[in-house]
Amino acid sequence: MVELQNILRIKNNQSVDLNAIACLSYDEFYELVLKIFEPEENHCLTYFAYKKDGGLQFIMAIADDKNQDIILLSHLLKSGEKQELKSLTEKVFALHIFEREIYENFGIHFLNHPWLKPVRFAHNRANKELQVNNYPFYTIQSDELHEVGVGPIHAGIIEPGHFRFICNGENVLHLEIQLGWQHRGVEQLFLEKKQLLQRNILAENIAGDTVIGHTTTFVQNMEALAGLKIPEQTEVERALAMELERIAIHTGDIAALCIDAAYHLGANVFGILRTAIINFTQFWCGNRLGKSLVRAGGTHFPFTEDLKKELLEVLLKYEKQFLEMADLTYRLPSIQNRFDFVGKITQNQAALLGTVGLSARMSNMVRDIRVTHPNAAFKKFPYETITVENGDVFSRFILRKKEINQSIAWIRNLMDNYQFDASQTEKPKASLTLKPNKLAISINEAWRGEVCHCAITDEKGELKHYKVKDPSMHNWKALEMSLRNVEISDFPINNKSYNLSYCGHDL
Amino acid sequence: MIKEAKVIINNGRQYIPDLKNVKLRAPFRGRPVISTAKVDEQALVDVCPLKAISANPVRLDLGKCSFCGECAFAFPEKIQFSQDYRTSSNIRENLIVKEGEDNPIAFYKDKIRTGVRKTFSKSLKLRQISAGGDNSCENELNASGNANFDMGRFGIEFVASPRHADGIVITGPITENMAEAVQVCYDAMPSPKIIILVGVDAISGGIFAGSPAINRSFLDKYEVDLYIPGNPAHPLTFINAVLDLTR
């Protein structure tokens, strides 16, 4: 039996020799995984398979928050063997989505998986007979109950997804969410696009509301694979951009929730406050959502003392207006009445589901990569994470406000204590030489939660496999669970309060 | 009540009165201007990650451009991005910027389909479909209706049902999985109806062009009324383009 202490551990943004990862028998792997997941602070970053020598190599990366490590495990399924494995989901429910993904991509049957269904109808899936219009929904035979289907196209300007409710009158007994409509083949394109810049742009387009989150994770991953050390200021700038992204999107989400509660003053004021932040991002890099800001190896847009002055002015104005509006909004009885106790996820449920980011912190779970796996910027300027307790819509609503305040405080501290100097930065690299036979893993706390990118190179240093994980992968299930025994008319506020990514999930 | 009034007063006037003449600050990248300076054209063509630049003479196709600005960083003497955000046209070819020319992107009013102006100049209700859009253009389309840009003042609005719509606004490269839904939505709209493509992904597929997971056959079947470039398209670009089309 392999001992846990002999298993490879690496740090965030580190690369490692592929053959240094212990390849276990599946039984050993199974037992070890169960053992690792016993403490609640250990959670799965990614679990995927890729083709190797005619068989399938499986890699699992587990974040050990307590020791700030990433545990790497592997097992191999040869093509001659029976293409089935004992499901881990039975014991560790949070792994359900990863096993489903492997099942969809490679046709591996996970025995006793409770919910072995397609994830995103990827173009390179194993079973092409399954079509996006023919998803095997959970159904119920009853004269009293009825089903409601919504989507893929929705009533607002929003991405596509299909929601199938089973209702008893107005009450939702069960919600199942079918995704995949947004699938563009992102992971495959990472391998096909050969230029570094093309891949960089591809990373920017994974999810347009998490541009900084995904692009930063991508470039850190490439820099780790190339063994490239970048200037400290660039690291700090990326973290700053990510906090600005968080403030902007959180503000927009607060506005959107106000709309759903028919509070138009709040909706309008928070809406224009978001404009102030994204306009600053545009002044910094020319794009309101930060596209073109983050580049591998350096930056075209170094932060300067002039930008610092402007940012502090923007934040001062923003904060004053934000606090004034929030003071009204969060005390408004009609808002409290609408959001309180709706769509509750308990801490226990959140831990079982393996939620991450905001969706975990709203249920009193500390999941924050900035704190538990900090990169250089957050080591130098530590962030203190915030949780709230109730796990309902109001918790998600108020957590956004608290996180905005916390991010502003973090930025202020950074601005007061860091001298920006453009001459300390470098231009982006046109290309990077990746080291052969390596695996690198990068994680960041984007505004939704942890973004994880994992890349593997072949013997020539070419990308062999690229795996993207958006936090939404973990969190969609939480939205489904939130709707249990909730009125169907409360779906919009639940959905908005999570604001999960469709394109980030579908890739 | 007094507190609410105070909020309104403290936030001041937020809407932009004249959407046609807003001064955006650099480094915002709008319509590029290509000089006649001599550069290594092949190197210039190669620098573009989306293959939007072609040589002899040098041209930049805004329908394929992500406005990343890499060409201007590599060849500043050749390409500069101006802050002119009115980069849309009703003719696909007009999105191609040629070297030595510094004119606004042309909009051919005589090429607008008959009935479009007459029917939609005072009121235009649009249905948005994200077909693989990355939520950036969607964000900016939402912003077009907010208190800053307020396109509602022109009678332009997004509606919840294709039955209520005069046109569809497509974002994203149109994924295989969404191809049928796009068609169903279009068919559900009453005529006359228009098609608007927003963002580089919708116009040319962008970085996803050629991916086996997309299916753009819908666009082969119908005439597109408006091409709005950008990644994402700025709300000012979007609103001005729709105004150019309808009034």
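Modeller: A residue counts as buried if 20 or more other C-beta atoms, placed from the backbone, lie within 10 Å of its own, as exposed if 12 or fewer do, and as partly exposed in between. This is a predicted model, where local features need pLDDT of at least 70, side-chain atom pairs count only at pLDDT 80 or more, and totals for chains, interfaces and linings use all residues. Residues are numbered from 1 along each chain as its sequence is written, with chains lettered from A and ligands numbered from 1 in the order in which they are written.

Biologist: Let's start with α5(B): how many of its residues are buried?

Modeller: Helices are DSSP runs of H or I with at least four residues, strands are E runs of at least two, and both are numbered from the N terminus. α5(B) is mostly covered. Its buried residues run through B:Ser136, B:Cys137, B:Glu138, B:Asn139, B:Glu140, B:Leu141, B:Asn142, B:Ala143 and B:Ser144.

Biologist: Where two chains meet, how many residues come from chain B and how many from chain A?

Modeller: On the chain B side, α1, α3, β6, α5 and α6 each supply at least two residues. That side splits into 21 nonpolar, 19 polar and nine charged residues (nonpolar: Ala, Val, Leu, Ile, Met, Phe, Trp, Tyr, Cys and Pro; charged: Asp, Glu, Lys and Arg; polar: the others, Gly among them). The contact takes 49 residues from chain B and, from chain A, 47.

Biologist: Chain B has two domains, so to speak; how far apart do their C-alpha centres lie?

Modeller: The bounds, from an automatic or database domain assignment, are 32-108 for domain 1 of chain B and 110-246 for domain 2. In contact are 18 residues of domain 1 of chain B and 22 of domain 2 of chain B. The C-alpha centres of these domains lie apart by 24 Å.

Biologist: Over in chain A, which element gives the largest share of the domain 1 side that touches domain 2?

Modeller: Chain A has domain 1 at 4-119 and domain 2 at 186-471. Their contact takes 22 residues from domain 1 of chain A and 24 from domain 2 of chain A. On the domain 1 side, β2, β4 and β5 of chain A each supply at least two residues. The largest share, six residues, comes from β4(A).

Biologist: How are α6(A) and α14(A) oriented to each other?

Modeller: Axes are lines fitted to C-alpha atoms, for helices over the stretch in contact, with angles from 0 to 180 degrees between N-to-C directions. The axes of α6 (232-260) and α14 (393-417) of chain A come within 9 Å and cross at roughly 150 degrees. Under 35 degrees would be roughly parallel, 65 to 115 roughly perpendicular, over 145 roughly antiparallel and the rest oblique. That angle therefore makes the pair roughly antiparallel.

Biologist: Last one: which residue follows α16(A)?

Modeller: α16(A), residues 491-498, is mostly covered, with seven of its eight residues buried. Those buried residues pack against elements of chain A including α6, α14 and α15. After the helix comes a residue with a positive phi, near 40 degrees: A:Asn499.

Note on methods:
Contact = placed C-beta atoms within 7 Å.
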